[in-house]
Amino acid sequence: MKSTPPPESLFHTLKAENEPWLDDVFVFLPAFERLREAHSAILYGEVGGGKTAMRLALTKQENAGVFTALWGPEPILENPPTGTELTHQAMRQALSACVESLILDGNLPERLGEPSGHIASALQWFLRNCLPFHAEFYIQSQADRMMQEKTLWYSKLLERSLPSVITEQISLKDQIRLLLMILKAAKYERLWLMVDGLERWIPYQAGEQVETLVDAILSTLVIFDVPGVAFKFFLPASLKDILNSTSGVERHRAEEVMLEWSAEDLQAMLEKRLAYALSKKASLDSLCDGNEFLNWLKEFGGDSPREWLRFTAPLIAEYQKHGRRLTVAQLHDFILQHPAPLRLNRARREVWLGKKRISIGSTTEFRVLEYLSSHPGMICSLEELYYYAYKELDTVPDKGETNWVHKDTWRGAMDMVISRLRKKIEPTPEGQFYLVTHHGKGLELLHAEA
Amino acid sequence: MFAERLDDLPGKCVFMEPAVRGLSAFGFAFDPFEHLDSTKDAHLQEYLVIPKAVEIALSDQPVAIFAQPGGGKSALRIYASNFYKDSRGVRFPVTYIPETYSTETNFHFEGMNRSLARAAFMYLVSYPDLYFALGSENKQKLKRLLLEIPFGLDFNLHALSESRFVSDLEQALGVPAFSGIPRLDRTHRQLARELEKESSSKPLSLENCFELINNAFGAKSIHILVDGLDGFMETRSSQALTTWIEPLLNILDRWDQGNNYLKFFLPMDISDAPALVNLSAVRSAALIWDDNLLAEVVRRRVFVASSGRFDSLDAISAPDVRNVELTLVRQLGRKEKLPRQVIIKSRSLLRALIVSGKSEISSKHLFSIGELPYAKVL
Amino acid sequence: MQKSYKVFNSAEFADRNAEFERVQAILQERNRGGVIFEGERGSGKTTLLFELYRRFHEQIEMKPFLISLFPYSAPEFESNKNIWINSERMFQKEDIPNLLNRITRYLEIDFIETEDRDFQKDYFARGLAYRASKAVPILLVDSIYECPDDVRTELEKYILTPILASERVFIVLSGRGKRPIWSRPELQTAEIIELHPLTEIFVKEQLEKMKSTRAAEFQQIAELSGGYPLIVRILGESDKALITALNDAIDIIIQDTLPENEREGKRYLETRSQIEKLSLVDIPFRIPDVEDYLYPNDPEQRAQANQLFNVLLASRILRYEGKGYQLNQSIVHPVRKWLALKQHSEYRNNLDQLKRVSQKLQEEYPSASTWYQRMVPTDLITAQH
């Protein structure tokens with residue numbers, strides 16, 4: 001039984017893992033269709049673009065007899081190998097992940113029942129050789145995550161005395177074939193290895209090693225090409241250029257797919273969530289003038305679900321507060337009160353409103369915003385802003401110091417700078433929604449985000 | 001557009017194959033452009049286009065075939081293997097694809113030994129009664145040959161007596177069966193028992209294995225198809241690759257005399273390596289594609305996928321659209337003139353047609369593949 | 001209905017010297033390979049294959065084996081061991097082990113016997129592949145294009161492919177309509193010899209050999225039949241007026257290709273009338289081109305046309321050729337002759353309707369207008385006025 005979650009959770013939670021309702025609100029994108037085909041594929045997408053949602057939806061394919069195993073590659077920190085040995089270590093990690101997935105997520109006891117000798121001995125071999133620690137101990141340690149019968153089944157299997165599998169000189173490809181043999185006996189037709197979770201390493205030193213690892217696997221995909229096995233990579237878009245030259249990609253061993261959302265897709269996503277959170281009949285149009293709001297989302301929400309969801313969340317609250325559809329005036333008012341957050345990229349000197357980039361030509365204008373945004377919640381005097389923007393000084397000099405300039409000299413220029421900035425960022429000509437003047441005191445920047 | 005269509009479905013993730021469903025409206029029984037990877041393509045034998053020059057791949061002599069990545073090297077190798085397999089082993093195929101990299105002297109020969117053991121095992125599984133008719137010496141030698149099989153003979157004999165279908169063994173060993181026998185039955189169990197009982201000493205040497213395949217199975221020649229040599233980080237440079245295969249080049253002459261032929265499938269960039277150019281024992285050819293051949297690649301696929309109803313995409317095009325295949329090929333850049341690229345191009349065209357909801361290919365489809373919705377997918 | 005034309009009689013065989021020479025040349029030039037005779041309904045493929053078989057049978061160094069897949073009889077070969085023929089029923093997949101047994105015995109091939117009957121065919125096939133004999137086997141299979149796909153693929157897998165494993169072997173096939181999808185390169189690249197209709201002088205020869213009472217009318221028969229031996233034979237045997245005999249001939253050549261339930265009654269009459277309409281279309285056509293012509297003002301015209309095309313495709317009297325579908329000329333020709341002779345009012349209506357459709361298509365596809373202009377046969381228009 002599922003209970004309807006509070007509406008805001010559908011618009012705030014941006015981690016697919018935490019969304020039990022994903023099935024009901026999932027939007028099919030062309031990219032998803034490509035990903036579902038039997039061959040290996042790489043899905044590139046931005047953070048918050050819905051990669052994980054796609055992975056989860058793929059995992060839930062009940063019809064096709066596909067066993068999916070999740071593998072989050074780990075960097076090899078001590079004496080990282082190179083060449084084929086690196087690939088082997090990566091594949092060993094991957095196999096290990098498969099075996100763990102099989103134990104924890106697969107239901108082999110039910111599917112295999114009393115397995116025949118060779119299947120049992122193959123499985124025993126994998127348990128003994130591919131788990132992070134001693135097989136018996138591993139099974140016991142996972143007991144709280146498994147049904148009791150399952151734990152017993154595995155323990156019994158490990159006790160059985162079985163014909164040995166000779167694995168001297170057995171290649172990793174053969175190991176994959178052997179694993180597939182077990183899966184087929186358990187009525188799984190295919191094995192999909194989902195490679196995800198690289199984002200957590202990218203910001204760190206280890207990120208580079210994980211990249212190398214993925215690179216190595218992609219380059220040698222041909223060696224692990226076993227019919228019935230496919231790799232599905234879920235990678236941050238930033239890796240695309242790095243991996244483009246690997247031979248796996250070059251030779252189309254893995255197909256590259258970009259996760260992209262059109263405005264229609266994003267709208268569909270919002271509508272689905274609204275219908276799920278509020279009522280079956282709910283839609284953007286039942287909250288307000290849908291087109292008007294959509295146009296605004298298209299302008300500032302960019303092309304990934306994250307901002308669209310975020311911008312819509314307060315609209316729902318507003319709608320619930322009113323208890324009825326917002327009038328045109330109310331919607332306008334709402335948009336002005338909840339403008340897109342202003343963000344600065346200092347390194348690249350860029351100003352963004354939501355996902356819309358604002359072109360700021362002059363350095364002084366940028367520096368004014370920079371100063372204001374580094375003093376959140378504070379009113380900054382025009383003087384402070386002038387010295388920071390024009391003179392690159394963090395503090396206002398005292399009268400008489402060499403850098404001091406008379407107010408009359410710069411007052412006009414500063415007014416011009418502020419007025420130009422307002423033209424660029426404020427939603428209405430007269431409005432002060434971002435840059436607010438506190439008479440006699442100075443300026444405050446609102447709706448800014450780090 | 002997508003979401004709207006799928007909105008009609010109940011909340012659960014229901015999975016459909018819009019591409020395939022859409023294709024059937026155009027008379028296709030399956031998607032002719034689905035597979036870029038020949039190893040997984042069930043229709044390869046029916047629609048592979050083979051340029052004249054590389055037909056030597058099927059002849060009785062040592063051969064080197066060179067190709068660009070995506071140029072159809074593996075497809076030709078699989079085609080050759082099926083071709084020999086269809087001879088019921090009169091020409092006995094052994095596929096050797098190294099699965100790891102090592103510079104040990106005997107590395108390739110040991111690998112071939114294992115490949116041969118797999119193939120011989122599958123041959124016996126294909127014709128189990130053959131084994132019972134063999135003399136005791138051959139039986140014993142066969143057991144010795146089979147000792148090299150991956151996972152060990154013991155394991156494989158258990159698999160043989162416990163599995164139900166030949167395909168289970170084919171998958172585990174990565175070698176196709178020679179006959180059309182689908183089920184494993186009591187004859188196979190008897191084979192497993194007899195092989196188990198047979199006394200075994202040390203494994204058989206590779207050249208003795210060849211002899212055995214000839215004597216016991218009646219093979220007139222053995223064809224060892226060597227592919228995937230350039231799949232390793234260490235063998236990316238042509239120098240390293242030629243060094244790696246040198247031991248194989250040195251035995252060509254000797255093996256030739258016993259009707260055992262090595263067939264190399266190699267990357268184009270080593271075609272001018274001196275070690276290969278100076279070899280008189282091996283005949284070489286390059287897989288090279290011209291516009292007409294590439295158009296033929298598409299046409300053959302269309303023919304097979306439409307169950308022979310038509311042989312060109314012209315059949316599903318507006319009457320003023322002609323020569324669809326050649327037009328697609330000509331849109332490719334000079335370096336893109338490879339089967340894989342034209343297949344991708346044709347695939348995009350069909351997808352664009354389906355997405356557009358039109359009933360025939362128009363010149364708009366043909367010339368704007370890159371701008372249609374499916375172009376989101378690279 | 002008379003079925004006498006499903007009998008081979010070598011005494012009645014006329015011409016085809018060019019084809020024999022081609023086959024002889026191929027046999028001498030090459031070590032091995034395949035030849036396929038393609039031809040329209042009634043063009044004499046079966047008779048030619050039987051005649052080839054008869055001639056090979058007389059040569060000591062040859063080992064021919066003929067497989068006739070459709071009901072046929074050949075009294076003169078009744079006692080031969082190297083033929084598979086049945087006058088009552090079609091060849092079936094289940095016949096393969098017996099057929100293999102007969103071939104292996106005829107070619108004196110050793111094979112392993114197995115207890116499991118289902119598996120025996122695999123051992124037969126293996127034996128066939130390992131065959132070691134001096135004589136060159138020549139396998140002749142009649143009407144292989146027309147047999148069901150599953151039968152054809154089994155024949156390919158268990159008989160054609162293993163026999164092709166040997167150094168010296170020839171395969172001679174015949175077929176009508178769409179080409180099958182072969183998986184063997186020898187079959188994909190087999191030499192295709194097209195069987196053309198007979199010229200007037202050989203029509204005369206055929207009529208004389210069959211001792212027809214109409215031999216004197218050979219010129220008229222040649223013109224009406226278009227030189228297709230089967231039609232010549234039906235016209236030559238008939239004692240009815242020529243125009244009636246031609247009508248009978250058209251029925252015979254169409255009916256025999258259709259599925260059982262389509263051969264008689266209203267269904268057949270409908271099919272025949274649509275075939276008459278299609279016979280007038282002078283260019284290769286696509287379904288959308290002719291649906292309005294075949295089923296004017298019918299909201300279900302696309303579905304109707306699809307159904308008709310499926311029947312005709314399965315009958316192999318329609319095939320796709322480059323730019324569109326085309327009916328067998330051996331049907332188009334006599335049908336046009338017959339229509340012109342009859343001068344039905346329906347015939348005029350059909351021509352008018354075809355002109356309208358052609359006009360409409362020219363407007364719809366301006367860049368293909370010259371193509372659609374050619375849709376209406378000019379010779380018939382002039383004949384009409």
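## The mixed sheet of chain A

In this predicted model, chain A holds an open sheet of four strands in the order β8-β7-β6-β11, with mixed pairing. Strands here are DSSP runs of E of at least two residues, and helices are runs of H or I of at least four, both numbered from the N terminus. Two strands pair if DSSP finds at least two bridges between them. The edges belong to β8 (356-358) and β11 (448-449) of chain A; each has a single partner strand, so one side of each is left without a neighbour in the sheet.

Inside the sheet, β6 (residues 342-345) and β7 (residues 350-353) of chain A run antiparallel and share four bridges.

## Conventions

Residue numbers start from 1 along each chain as its sequence is written, while chains are lettered from A and ligands numbered from 1 in the order in which they are written. Because the model is predicted, local features need pLDDT of at least 70 and side-chain atom pairs count only at pLDDT 80 or more, whereas totals for chains, interfaces and linings use all residues.

## Nonpolar cores

The largest nonpolar core has 313 residues. A core is a set of buried Ala, Val, Leu, Ile, Met, Phe, Trp, Tyr and Cys residues joined through C-beta atoms within 7 Å. Buried means that 20 or more other C-beta atoms lie within 10 Å of the residue's own; exposed means 12 or fewer, and partly exposed lies in between, with C-beta atoms placed from the backbone. Leu43(A), Ile65(B) and Ala120(B) have the most contacts inside this core. Contact means C-beta atoms, placed from the backbone, within 7 Å.

Leaving aside residues up to four places away in sequence, Ala120(B) touches Leu142(B), Leu145(B), Leu146(B) and Ile213(B). A second, separate core has 18 residues, among them Leu385(A), Tyr386(A), Ile425(A) and Leu445(A).

## Chain B: overall build

Chain B has 18 helices and five strands. Its C-alpha atoms fill a box of roughly 70 × 55 × 35 Å along the principal axes. Of its 378 residues, 47% are buried. Among contacts between residues at least 6 apart in sequence, 73% join residues at least 24 apart.

Chain B is divided into domain 1 (2-39 + 290-376) and domain 2 (52-286); such bounds come from an automatic or database domain assignment. The C-alpha centres of the two domains of chain B lie 37 Å apart. Six residues from domain 1 of chain B meet seven residues from domain 2 of chain B. The domain 1 side of that contact has two nonpolar, three polar and one charged residue. In this scheme Ala, Val, Leu, Ile, Met, Phe, Trp, Tyr, Cys and Pro count as nonpolar, Asp, Glu, Lys and Arg as charged, and the others, Gly among them, as polar.

## Strand β4 of chain B

Strand β4 (residues 260-267) of chain B is mostly covered, with seven of its eight residues buried. β1 (residues 63-67) of chain B pairs with β4(B) in the parallel sense over five bridges. There, Ala67(B) has Pro267(B) as its bridge partner.

β3 (residues 221-226) of chain B also pairs with β4(B), parallel and over five bridges. Leu225(B) stands opposite Lys263(B) in β4(B).

## Where chain C meets chain B

The contact takes 27 residues from chain C and 27 residues from chain B. On the chain C side, α4 (117-130) and α5 (149-163) each supply at least two residues. The largest share, seven residues, comes from α4(C). This side of chain C has 15 nonpolar, five polar and seven charged residues.

## Chain C: sheet and domains

Six strands of chain C form an open, parallel sheet in the order β3-β2-β4-β5-β1-β6. β3 (83-84) and β6 (191-194) of chain C are the edge strands, each pairing on one side only. β1 (residues 32-38) of chain C pairs with β6(C) in the parallel sense over four bridges. Ile36(C) stands opposite Ile192(C) in β6(C).

Chain C is assigned domain 1 (4-194) and domain 2 (200-384). Their C-alpha centres are separated by 32 Å. In the contact, 16 residues of domain 1 of chain C meet 21 residues of domain 2 of chain C. The domain 1 side has four nonpolar, five polar and seven charged residues.

## Helix α7 of chain C

Helix α7 (residues 200-209) of chain C buries Val203(C), Lys204(C), Gln206(C) and Leu207(C). Seen down the axis of α7(C), these residues fall within an arc of 160 degrees, so they line one face of the helix. The arc is that of the directions from the helix axis to the C-beta atoms. Their cover includes α8 (218-225) and α9 (229-237) of chain C. After α7(C) comes Lys211(C), with a positive phi near 55 degrees.

Methods
Contact = placed C-beta atoms within 7 Å.
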